[in-house]
Amino acid sequence: MDGFDHRIAPSFFICPISLQIMKDPVTISTGMTFDRESIQKWLFSYKNISCPITKQPLSDFRLTPNSNLLRLIQSWHLQHASSSSTKFAEPNHDALMKVLFEEIKQPHLQVNALRKIKSLIQENDGDNNKISCIRDDTLFSLAASLVVQTELPGIPQITGNDTPVIAEAVSLLCLLRPSDEALKMVSQNENGRLICSLCSIMTQYLSYLQIRIQAALVLKSIFEVVDGVYKEGLKFEFFENIIEILKDQNSKHGSVAVLSILIRVLKIWE
């Protein structure tokens, strides 16, 4: 795996310690992934007892091989080597989805898995040959399930590495572009449970404007396709709180999303 320029590799292939493409990725108890040699030096040679990224103290020093990520890296190397004129070789979509589905089953890996997907999508955002998972209806459904299944926590700090799964999932939903059919089906499932969850986020995360704006952006897309009945039951508290987004001078996208929501709901009430 030597001889490759790490600057053109997907960011989640890079070890946070060595800043090189990982040769043997392993995951520690905080859910963070590092190259085995680097994290072993950090823990056992330099006698550190905390996670290099989260700074959380470690009581479990086991290193769990991340075999799915290793297969992705190996696939990337093969593709990159076969096309020297290609600056970015896209990881295999099936392998990528397998990584997500495997890691998403483990609560302590969920945040990290969501960030990997977001990173890959963002890195390809300006590419005409965007990876197919950007419009993958299955991925949207999975991210939505995390939003509706995760209880809204009273966490005092929702930033950085402490961001809960629900916030990362909402952030991912903003990046995905599902088909209208999938968006409608997922949003109306279980009597509009996803809509209710997003509305709750906008009324409960009062101190975290970015999360509320992201929830508003997702709702804007949802309200463009769902039946009118799912717009009729919105509570006064919801409207009272989203007005705060309009007051923020720096949230242009959030303001547009909120105005779109208001227009579509008002049309139902005419």
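Let me start with strand β1, residues 25–27, which is joined to β3 by two bridges, the two strands running antiparallel. Strands here are DSSP runs of E with at least two residues, helices are runs of H or I with at least four, and both are numbered from the N terminus.

This is a predicted model, in which local features need pLDDT of at least 70 and side-chain atom pairs count only at pLDDT 80 or more, while totals for chains, interfaces and linings use all residues. Residues are numbered from 1 along each chain as its sequence is written, and side-chain values use heavy atoms, with hydrogens and water left out.

On confidence: pLDDT, the predictor's confidence in each residue on a scale from 0 to 100, averages 76 over the protein chain, and 70% of the residues score at least 70. For residues 84–89 the pLDDT is below 50, and this stretch has 11 contacts in the model beyond near neighbours in sequence; contact means heavy atoms within 4.5 Å. Residues 153–162 are also below 50, with 17 such contacts. Where pLDDT is low, the predicted coordinates should not be read in detail.

Back to the sheet. It is open, with three strands in the order β2-β1-β3 and antiparallel pairing; two strands pair if DSSP finds at least two bridges between them. β2 (33–35) and β3 (64–65) are the edge strands with a single partner each, so one side of each has no neighbour in the sheet.

Next, the helix pair. The axes of α5 (residues 137–149) and α6 (residues 165–175) come within 8 Å and cross at roughly 150 degrees. Axes are lines fitted to C-alpha atoms, for helices over the stretch in contact, with angles from 0 to 180 degrees between N-to-C directions. From α5, Phe140, Ala143, Ala144, Leu146 and Val147 meet α6 residues including Val165, Ile166 and Leu173.

Which residues does Lys118 contact, leaving aside neighbours within four places in sequence? They are Glu168, Ser171, Leu172 and Leu175. Lys118 lies in helix α4, residues 110–123, and is buried at a relative accessible area of 11%. Buried means under 20%, exposed over 50%, and partly exposed in between, with a 1.4 Å probe and protein chains only.

Last, Ile195 in helix α7, residues 180–204, is buried at 3% relative accessibility. Its C-alpha atom is 9.1 Å from that of Phe223, 28 residues apart along the chain. Outside four places in sequence, Ile195 contacts Ser187, Leu219, Ile222, Phe223, Val226 and Tyr230.
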